[in-house]
Amino acid sequence: MDNIHVTGIRAYGYTGYLPEERVLGQWFEVDLSIEVDLSVSGASDAIEDTIDYRRAIEFVKHRIQNERFALVEKLATAIAEDILTLDRVRSVRVRLSKPAAPIPDFGGKITIDITRSI
């Protein structure tokens, strides 16, 4: 199956377990792998035969900027559910990262990686 990869989507949002995360916010990064049959659009050269990945980016940014969940797992699931509403999408892999998780003495990032299908 074919995939469209959209990487490096960044948005500021208010999801997090700690109360201050939901008040002060933080940056999130999202990478998507969207499974879609590209054989028709590859032959037709018509955008209506594929997905408009600008919509996928809008969905991600909207969820991050406008939702306040306690868990990033819930945010990643909500993003996946939105992407699955796009025509022609069969499955989506969402990799959602918190590049500056508020954990003492930890300089890495936390990433949730889920795959959902219709």
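Predicted model: local features only at pLDDT ≥ 70, side-chain atom pairs only at ≥ 80, totals over all residues.
## The nonpolar core

Let's start on the inside. The largest nonpolar core is made of 30 residues. If you want to find the ones with the most contacts inside this core, look for Val-30, Leu-32, Ile-79, Ile-83, Val-94 and Leu-96. As a general point, nonpolar side chains in soluble globular proteins tend to be buried together.

## A look around Leu-32

Setting aside neighbours within four places in sequence, what does Leu-32 touch? The list takes in Ile-4, His-5, Val-6 and Ile-9, then Ala-56 and Val-60, then Ile-79 and Ile-83, and finally Val-92, Arg-93, Val-94 and Arg-95.

## Salt bridges between strands

Now for the charged side chains. Side chains of opposite charge can pair when their charged atoms come close. How many salt bridges turn up in a search of the whole structure? The search finds seven.

One of them joins the side chains of Glu-29 and Arg-10, with 3.0 Å from N to O. This pair ties together distant parts of the chain: Glu-29 sits in strand 2 and Arg-10 in strand 1, 19 residues apart. Glu-29 counts as partly exposed, at 22% relative accessibility, and Arg-10 is partly exposed too, with a relative accessible area of 38%.

## Two more pairs

Asp-82 and Arg-63 form another salt bridge, and their closest N and O atoms are 2.7 Å apart. Here the link runs between helices, with Asp-82 in helix 4 and Arg-63 in helix 3, and again the two are distant parts of the chain, 19 residues apart. Are these two residues buried or exposed? Both Asp-82 and Arg-63 are buried.

Asp-52 and Arg-54 also meet through their side chains in a salt bridge, at 2.7 Å from N to O. Asp-52 has 25% relative accessibility, so this residue counts as partly exposed. Arg-54 counts as exposed because its relative accessibility is 51%, and the cut-off for exposed is over 50%.

Definitions and conventions:
Residues numbered from 1 in each chain as written. Heavy atoms only, no water. Core = buried A, V, L, I, M, F, W, Y, C linked by side-chain atoms within 4.5 Å. Buried < 20%, exposed > 50% of the residue type's maximum accessible area, 1.4 Å probe, protein only. Contact = heavy atoms within 4.5 Å. Salt bridge = Lys/Arg side-chain N within 4 Å of Asp/Glu carboxyl O. Helix = DSSP H or I, 4+ residues; strand = E, 2+ residues; numbered from the N terminus.
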